[in-house]
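Where do charged side chains pair up in this model? Take a look at the structure, then read on for a short tour.

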Amino acid sequence: MKKLPLLTLISWICFLFYAGIGIFLSGFLLVKVEVNRTSSCRDPLFSENWSLNIYSKNVSQNQLVDFCWSKPRFSRAVILIIDALKYDFAQFDSKVKDPQHFQNKIKVFSEYIRSSPANSRLYAFRADPPTTTMQRIKGFSTGSLPTFVDIGNNFASSAILEDNLISQMQKNGKRVVFMGDDTWDSLFPKHFQQSFPFPSFNVKDLHTVDNGILKHLYPSMKRKDWDIIIAHFLGVDHCGHRYGPDHPAMAEKLTQMDQVIRSVARLIENDTLLVVFGDHGMTDTGDHGGESQKETDAALFLYTPSMLVSTEQGLAEPMVVPQIDLTPTLALLLGIPIPYSSIGKVMVQLIPSGDLFDHNAQELQQAEALFVNAKQVNRFLETYSLVAKHLPQETLDHLQDMYLKATKNYIMLRDAFATHSPLNSQELKKLISDFHVYLVSVQEMCKVSWAQFHSLQIIVGIIVLVGSCVVCFIVSEFASIVESSYKELLFLAVFTGAFASGTVAIFQFFWLEFEAFSVLGTFTVVAQVAFLWKFNHLKNSNRYFLNRAVNIINTALKGELQMTSPLIVFMVFLLRCASLFSDSYIVAEEQVVSFLLSSLGLFILVHLTWYGNLLHSFIDGFKTTNPGMSSQQMAFVKDKKTMHVLVACVALLMFSLCLSHVFHGCRDEQVICTPSLFLAPLCTLQDVQLRNIHYVLSVCSLLTSYYLVRRWLCYYGNFNSHSLAVFVARFELPLLVVCICLFWAVSSTPEESFVNWQQFIRLASSVFPRVAFVLFCLGIAAVFWNPLTVFVKPKVLSEEGPITQSYRASGCVSPQAELQHLIPHIYQCMRRSYQVPKEEGESLKDEYYQPTVEAFGLGTVYSAPMLLILVLFQLLLALLHPEGLALSFLLMLLEAFAILQIHSKTSSLYRCRLYSDKFSVPWCVVLMWALASTQFFYATGHLPTFPSIQWNAAFIGFSEGHSNQVLPALLVLLNTFSSCILLAVSCPLLLFWPLICEPSNTAKSGSKLGELKSDNIPVMEMKLRDNPEYFSRALLQLMARYLFIHGAQLLASVCAAAILKRHLMVWKVFAPKLLFEASGFLVTSLFVIISLILIMRVDVCLTRWVKQLIPVDSR
C-alpha cells in the first residue's frame, strides 16, 4: 500500500475545505466592534454656550452640565437573578384548577402587585438572542446587543472590556457584593468588594449554587456594609435542563425562590430597590439558546417599600421591556453614568423622583432622563461610526436630525421651566415621544447593521469551497493519475500558493493592515488553480477523462442507467443539496434524508426488477437452465440466495429508517410535535414501569450490539488470536458494557429514593463512567498497537521433523519486491496445502502435502480491527447519550449492516459489467452511507439548533464539574456528532465488505476448506494485498468520494446562508445549520483520517507478521 500519497492527498483535501470554512465564516459571522471608552459623571451634557443661557438660577450648575444630572432615587439595590425565570413562572392564575408543576408556584409577585400597586411592577422581560447566560449577562450589564457568533463564548467566558454597570458601580464608590454563578467572576474580575462564586456548569446539580447563595445572602444584607448585592441563582435553569419545566423538582425550586423573594423583600428598606429578573426563558423541554418567544421572554419584578410609580399609570396589561432597557434605567436610578456603549432606552415610568402626583413634574423628569439617555446614545453612535464603517451614513444622518430636533425642543421647554413659564403638557408628551422614537430607531439600525457581512470574504470562501469540491472530485475520479503524480501536483500547488500569499502578506505588512484571512484566501485559491492547471497538463489526464466521458455517454444512450450511473446519483444528490436552500426542508430534514435514503434502496430493487433479475430468483421454472438462456441469465438463476438476501437487506434498511423516527426531537417551528420519551434521562421518568422498560431495552441493545460483533469475529476466525485486539474483544468490551449498564442503573435512581445511599450513588455515578472512559482509551490504544486478529496454528510434525516450504515469487527480484508478492501469496499457499490430494497407496506418514501453517482470520485482517474500533466508539457514545437512545445506536448498526449487504450483494450480481475499476465503490453506496450519517444525527435526538445540544454529556462521570473547558467541550462534541464519527470511522468497510462476502461458485453450505477447488476459494481481503496499487487507489477514491459528498453538502449550506443572508430565518435556521454542517465536516474528515491511519497500521503489522512467518532462507 502506498501510504504517503494516500494520507497526503486526503490531508490536502481536508485543508482546502478547512480554509474555505474559515474564510467564509470570518465574513459571515462578524463580531461587533467594541468601543473601549467609558462614561463619567464629569462628561458634559451641553457645550458652555448652551449651559449658560438655558437654566435658571434655581438649578445648580453641577446638575446641569454632567451626566449624573439628578439625585439618585435609590442608594442601594438588591438584584436577584433567577436563571431561566420564564415569564409564565412569574404569573399566578387562580382560575387554573389543575396547574402544571411550574404554574402558580411563585405567588409573591401577584401578592405584592395586588396589595402594593404603587410599590411594585411586573414586566415581561424580553431578551435578544442568543438566549445563553453569558450573553444575557453581557447584554444587560453593557446595554448592548450581542452578535450571533458570540454564542460560542458562552462556555469560555472572558472579561468584559466594554463599559458596563458593574465597572461604573465600582468607579463611583458603590460597594458591590456578589454571590452565585461563577460566570460573573470571569466576566468582571476584581470588580466586587466581596465575591462568593460557585461552579455553574454542572446542570445536574440543582442545589449547590442556590444553597451557597442563601448561606451568604441574609447575613450580608444584615451587615449593611454594601450598596449593591447581586445574587445569581441557577437551580431553576438546571432543573429545566435536567427534568424539563413540568416536573416535581421544578415545583420545589420555584417554591424555594418564592420564599427567597419574600424574605429579601421584608429585609430591604425605603432607600433600597429590589430587582428580580430572569436572564432568559426556556422551551417546553427546558432548553434555551434560540430566539423563540418561550426562550426570550423572562420576568422582571421591581419592588421598594417606598412609592415606585404612580398608581394612575395602570396595571391592566403587563408591558414588554427589552432587556437592554434595564441598563440605563438602573444607572439613572442609582445615580451612576449610563455605560458608554449602551443603546438601551430608559424605563421612564420609574424615573420621577419628586412629587409623583404632579404630572408635569413627572413628565419633565422623564424628558430630562430621555435627553440624557439620547445624548449618551448619540455620543456612542458618533464614536462607533468612526471606528466601524459599516453603519449606513444615510441612516446616521437621519438619526442625527431626529436627535437635534428633539434636543432643540427639550432646550426650549427647559428654558421655559427655568423662567417659571407654564409647561405645555402636550408638548412634553410629544418631546417624550420624539426621544422614544429616536432611541427605538437607533436600536433597530444597530440590530440591522451589526448583522452586516464582509462580502469579499464570503465570496472568496465560496470560491475556495467550490475549488475544494472540484479538487476532491478529480482525486476521486482520477485516483490513479493523481496518486502517481501527487508530488508534482502538490509541490506546484504549495509553492505557487506560498509565493502568492507571501507577496500579499509583505504588501499588507508594509502598506496596509495585515489580515490573516486574506493571506489564507490567496494561498488556497492560487494553490487550487495551480493544482488544476498541472493536472490538466499531465500526460494521461485528458485521454483518461475522454474515455470516462465516452463510457458514460454510451451507457446513457443504450438506456442502461445502472445503480452506479452518475445521472441517477446526481439527481438524488442534487435534491439533497437543493433542500438546504429551503428553511421548511431544513426543519423537516429528517424526513427528507430518510426519504432519499429509502429511495436509493428501493431503486436498486426496481432496477433489478426492470431487467428481470429480481423476478428470476422467485420463479421456480428457472431452477434448471434452458438451452436458450444466455450465460447472464444462467448466472442469475444461480444467484437466487443472493437475491433473497438483497431483498431482506432492503427491507431491513426500510425497517430501521421507520423505527428510527421514534427517537426524534422537536424544533420550535414544529408546532404539532412531541419529543420522544427516549430522549429524556431515565431519572426524569415518573412512571416506574416505563422507566424499567426503557432500562431493559437499553441494556438489551448494548448486549445485542456486542453479541453481533463477537459473533462476526468468531464466524470469520478472528476470535482465535491471542493479540491485544482480541483481548479487547474478549474482556474489555463486556466489561465496558457492564460499566455502562451499572451507571445507567445508578443514575436512573430518583433522588428521593434510597436517601441513605445517596453518597454511594453519587460516588458510583462518577466511578462507573470514568472506568468506562479508561477502558475505552485502553481499548483504542490496544487495537492501534496490535491490530492483527490472525491466529496461526503450528504445522503437524513428520518423522523427519518439521517440513518447511519456501515460497518465492521470483528468483531475480529484490527482497522488498519479493516480500510484496509473498504477502498475498502466503494466504493462497496456505490454502493450497489443504487441497493437494493424496495419491493412492501413499503412506499416511508422508507429511509432504500437509499444510505448513494454518491461519485463521487472515481474510478479514483489515475489517476486524475496524469493527472493534466501531463498537468501542458506539459504546462510548451511547454512554454520553440518554439511556433510551441505546436502541437507536443498535438501529444504526443494523442500518449500516443493511447498506453493506446491499452493496455486497449488488456488486456480486454486477461484478462482470459494472466494476471495470478494480475494487471501486460506486457513488450510490457512498451517497447512501453519507445520508445515513445525516439521518442518524436526527435519530439520536439531535437537531441543528443550539438549544437542542445535549449539555448533560459534559457531566457524565464529572458531576462535580470541570477544572477546564477542554474536556466538557470534547464530551459535548462527541455526543453531538456521534453519527459523523461512527459512519466516518467505519467508511472503509464499504471497500472490504464485498470482498468478505464474495461468493464461491462451487461452495456449498457446510463445505470444508479442503473440499473446495483452489481457483474458486475467495481470498477475501487478501486480494487487496495481492494488488497493493489498487488497494491504495481504491481507498483514496472511496475517501475522496465520501469527503466530496459531505463537502458538497457543506457548500450548499454555505451558498444558502450567503444568498439568504437577509432572509427572515437566517439566524434561526440557516446560520445554525451552516455551523452544524461545518462542524460535522470537520469531525467527519478527522475520523476519516483516523480510519486511514488504522488501515495503515494494520498493513504495517501484517507485513511484520509475514516476515516472521517466512523462514530466513526463503526471504
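Start with K430 and D434, which form a salt bridge with their closest N and O atoms 3.2 Å apart. This is a predicted model. Both K430 and D434 sit in helix α16 (residues 425-449). They are 4 residues apart, about one turn of the helix. K430 is partly exposed, because its relative accessibility of 46% falls between the 20% and 50% cut-offs.

The next pair is E483 and R1033, a salt bridge with the closest N and O atoms 3.9 Å apart. This pair links distant parts of the chain, 550 residues apart. E483 belongs to helix α18 (residues 479-484), and R1033 to helix α39 (residues 1028-1059). E483 is buried, at a relative accessible area of 3%. R1033 is partly exposed, at 22% relative accessibility.

K1073 lies in helix α40 (residues 1066-1109) and E589 in helix α24 (residues 589-610), so the pair ties together parts 484 residues apart in sequence. K1073 counts as buried at 7% relative accessibility. E589 is buried too, at 1%. Salt bridges with shared partners join R576, E589, K1073 and E1077 into one network.

| Salt bridge | N to O distance |
|---|---|
| K430 and D434 | 3.2 Å |
| E483 and R1033 | 3.9 Å |

How many salt bridges does the count come to? The count comes to 18 salt bridges.

Note on methods: Residues are numbered from 1 along each chain as its sequence is written. This is a predicted model: local features need pLDDT of at least 70, side-chain atom pairs count only at pLDDT 80 or more; totals for chains, interfaces and linings use all residues. Side-chain values use heavy atoms; hydrogens and water are left out. A salt bridge is a side-chain nitrogen of Lys or Arg within 4 Å of a carboxyl oxygen of Asp or Glu. Helices (H or I, at least four residues) and strands (E, at least two) are DSSP runs, numbered from the N terminus. Buried means under 20% relative accessible area, exposed over 50%, partly exposed in between (1.4 Å probe, protein chains only).
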